[in-house]
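Here is a short walk through one protein model. Keep the sequence and the 3D view side by side.

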Amino acid sequence: MNNGFNPIDIYLDLNIYISIAKKEPFHEYLIAKINNLKKLNITFPHSPAHAEEVSALIVSKRDPATARKLTRLIQKYNNNIGYKPGSLNDAEALEAFQLYRQQVNIDPRFIGISEYYLNVAAKNRSGEIKEEDHATQRISENFESRLKIAGDQTYLNDFANHMEKYFLGRRNKQSLKENFSTINESTDNIKTFEDIHKKNMELAHD
């Protein structure tokens with residue numbers, strides 16, 4: 001049913017789809033709620049984050065059955081609409097170029113990724129990429145197409161996991177040492193976020 005209003009998007013976290021796929025408590029309520037909203041011409045776009053997480057289940061062979069259910073659910077409610085992240089600006093693209101260039105020794109495919117971001121920086125400076133291009137874009141896209149892109153770039157997920165352990169694992173000394181050990185980083189003179197905060201507060205009151 002079309003109520004005559006312009007389409008409205010609601011972004012559903014993948015955990016909602018997982019709850020439905022695994023028939024967790026209250027999953028029937030979620031289905032009813034989503035179906036009622038869909039009748040009001042509301043769309044539930046997918047995003048690269050959805051594709052990355054579903055692709056990880058497929059590539060790792062950890063839970064392919066759930067991955068298939070998630071794919072069907074997303075396609076049922078997204079109306080073939082997805083979100084595409086906006087283009088990086090000049091400074092962001094150069095930062096990404098430098099970051100990925102440093103990872104070439106981990107995987108030579110990072111050469112192509114780093115060169116891509118260098119090209120993005122150049123397009124920003126030339127005006128080929130405009131200010132409005134930096135905003136998130138709503139695009140017509142089949143979810144399986146996005147899923148294939150994510151599957152072809154799983155090595156980037158490995159790099160993201162590495163960086164997450166490096167930067168976000170700094171909660172306490174023990175977990176920090178365990179995280180750094182996992183990714184073969186030196187634990188010499190490491191500091192937790194609490195250590196850094198305390199030091200900055202001391203400097204602020206000097």
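This is a predicted model: local features need pLDDT of at least 70, side-chain atom pairs count only at pLDDT 80 or more; totals for chains, interfaces and linings use all residues.

Residues are numbered from 1 along each chain as its sequence is written, and side-chain values use heavy atoms, without hydrogens and water.

Start with the rings. The structure holds five aromatic pairs. Rings of Phe, Tyr and Trp (its six-membered ring) pair if their centres lie within 6.5 Å; planes under 30 degrees apart count as stacked, over 60 as edge-to-face and the rest as tilted. Y100 and Y117 are stacked, because their ring centres are 5.5 Å apart and their planes are at 5°. Y100 sits in helix α5 (residues 90–101) and Y117 in helix α6 (residues 110–126), so the pair ties together parts 17 residues apart in sequence. Helices here are DSSP runs (H or I, at least four residues), numbered from the N terminus. Both tyrosines, Y100 and Y117, are buried. Buried means under 20% relative accessible area, exposed over 50%, partly exposed in between (1.4 Å probe, protein chains only). Y116 and Y117 pair edge-to-face, with centres 5.1 Å apart and planes at 75°. Y100, F110, Y116 and Y117 form one aromatic cluster.

Now the charges. There are four salt bridges, each a side-chain nitrogen of Lys or Arg within 4 Å of a carboxyl oxygen of Asp or Glu. One of them joins R125 and D90 (3.0 Å, N to O). R125 lies in helix α6 and D90 in helix α5, so this pair ties together parts 35 residues apart in sequence. R125 is exposed at 52%; D90 is partly exposed at 26%. Another salt bridge links E141 and R146 (2.9 Å, N to O). Both E141 and R146 are buried.

Terms used: Helices (H or I, at least four residues) and strands (E, at least two) are DSSP runs, numbered from the N terminus.
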